[in-house]
Amino acid sequence: MNCLYIHRFWAIPDPDKLDEEASSVKKHKSRALNPTDDCEKKDAIVRTGDILSQVSQTHDVIMTLDKTISSLEMQLAAARAAKVNDDEGSPVVTNSGSEQFKDRPKVFFVMGIITAFSSRKWMDSIRETWMPQGEELRKLEKEKGIIMRFVIGHIATPGGVLDRVVDAEDEQHKDFLRLNHIEGYHELSTKTQVYFSTAVAKWDADFYIKVDDDVHSMVGSTLARHRSKPRVYLGCMKSGPVLSQKGVKYHEPEYWKFGEEGNKYFRHATGQIYVISKDLATYISLNRQVLHKYANEDVSLGSWFIGLDVEHIDDWSLCCGTPPDCEWKAQAGNPCAASFDWSCSGICKSVERMEEVHQRCGEGDEAIWHTSF
């Protein structure tokens with residue numbers, strides 16, 4: 001029988017220190033009737049505080065080690081997967097595992113704003129509000145490690161008019177991430193998968209964010225709290241009904257996989273905005289050829305993490321309503337990280353209202369520059 005032994009190493013007290021502590025205790029006892037009792041009590045409180053502080057620091061160290069080990073495991077898996085592909089002559093991976101994830105800029109997070117060829121006005125409304133432009137965008141990347149890009153693929157006919165329009169727009173703004181993907185509404189699960197794979201290959205980020213182009217978002221300070229955790233899936237977790245009826249919005253063709261009629265999906269983050277940590281994005285990149293894609297991309301993402309040791313964080317600051325909801329929450333001390341209207345699955349009439357939502361729900365244009373990550 002094979003046995004697995006797990007070792008925990010604890011610091012063994014120094015005998016000399018124990019003697020010193022014993023002597024100290026005796027001194028305190030000899031002064032039992034001395035009016036300095038209050039001072040001794042204060043010293044005991046201080047020592048207790050030091051112990052609690054050390055426990056907290058130890059916990060932080062353990063969390064950091066866990067994240068480091070997890071990251072190394074994913075890098076090892078990447079190298080092994082690439083070696084297998086190289087040995088088999090697979091065209092999927094063109095670089096070795098070490099080269100594929102080497103020399104990437106280290107950043108805090110990558111935010112991919114999912115957009116489409118018909119969304120020029122939506123993109124402009126974001127550029128004019130919560131997304132910096134030009135040198136400010138480059139400065140944000142350099143000083144804060146924050147990458148923001150509009151994410152779009154290509155049309156079926158290479159070099160078509162729509163592709164050339166986006167190329168020209170990217171030349172002007174330099175704020176696109178182009179995917180090796182054919183655009184289409186029913187291809188959102190594939191687009192999401194390709195986005196994470198592309199972003200992981202380009203940037204070494206702590207977090208990767210997907211957000212729709214009709215959502216107002218300011219997530220930086222929210223993510224900073226989870227930076228030491230290794231496998232994080234963050235969003236507004238829901239469990240909606242599995243819709244088997246054809247013709248309805250969000251119809252699930254594979255409804256039978258979820259049990260009896262009327263059942264609900266497993267918990268997953270709503271699709272307007274969600275965040276995954278580096279290890280999960282790397283996992284998607286390495287396994288993209290075998291990850292099943294359901295009709296709805298938020299369901300697909302949630303399904304990819306079933307069976308993995310993932311921390312689901314249900315954070316409803318990522319799905320506040322538009323004014324006045326976001327204002328009420330901010331006044332109550334719970335500022336919003338993202339705002340949209342549930343009834344529209346985004347901000348209703350977002351092109352016309354994005355400025356208003358930004359002014360009333362945002363923390364101010366300078367907030368991100370004064371926040372330490």
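Q: Does Lys-349 count as buried or exposed, and why?
A: In this predicted model, Lys-349 counts as exposed because its relative accessibility is 66%, and exposed means over 50%.

Q: Where in the chain is Lys-349 found?
A: Lys-349 sits in the loop between β9 (338-339) and α12 (350-361).

Q: How many residues separate Lys-349 and Asp-214 in sequence, and what is the C-alpha to C-alpha spacing?
A: Lys-349 and Asp-214 are 135 residues apart in sequence, while their C-alpha atoms are 8.5 Å apart in space. For the chain, 74% of the contacts between residues at least 6 apart in sequence join residues at least 24 apart.

Q: How many helices and strands are there in the chain, and what share of the residues is buried?
A: The chain has 12 helices and 9 strands. Of its 373 residues, 43% are buried. The chain exposes about 21,500 Å², with 55% of that supplied by carbon and sulfur atoms.

Q: What shows where empty space is left?
A: Rolling a probe the size of a water molecule over the atoms shows this. In this structure, the largest pocket has a volume of about 1,200 Å³.

Q: Which residues lie nearest the centre of the largest pocket?
A: They are Tyr-185, Leu-188, Asp-212, Tyr-250 and Glu-297, out of 37 lining residues. Two or more lining residues come from each of α7 (188-202), β4 (204-212), β7 (268-277) and α10 (297-304). β7 gives the most, with 4 residues.

Q: What is the lining of the largest pocket by class?
A: The lining has 13 nonpolar, 14 polar and 10 charged residues.

Terms used: Residues are numbered from 1 along each chain as its sequence is written. This is a predicted model: local features need pLDDT of at least 70, side-chain atom pairs count only at pLDDT 80 or more; totals for chains, interfaces and linings use all residues. Side-chain values use heavy atoms; hydrogens and water are left out. Buried means under 20% relative accessible area, exposed over 50%, partly exposed in between (1.4 Å probe, protein chains only). Contact means heavy atoms within 4.5 Å. Accessible areas come from the Shrake-Rupley method with a 1.4 Å probe; for residues, only the protein chains shown count as cover. On a 1 Å grid over the protein atoms alone, a cavity is a set of points where a 1.4 Å probe fits but cannot get out, and a pocket is an open set with protein on both sides within 12 Å along at least five of seven lines; lining residues have an atom within 4 Å of a point. Grid points are joined across faces, edges and corners, and a volume is the space filled by probe spheres set on the points. Ala, Val, Leu, Ile, Met, Phe, Trp, Tyr, Cys and Pro count as nonpolar, Asp, Glu, Lys and Arg as charged, and the others, Gly among them, as polar.
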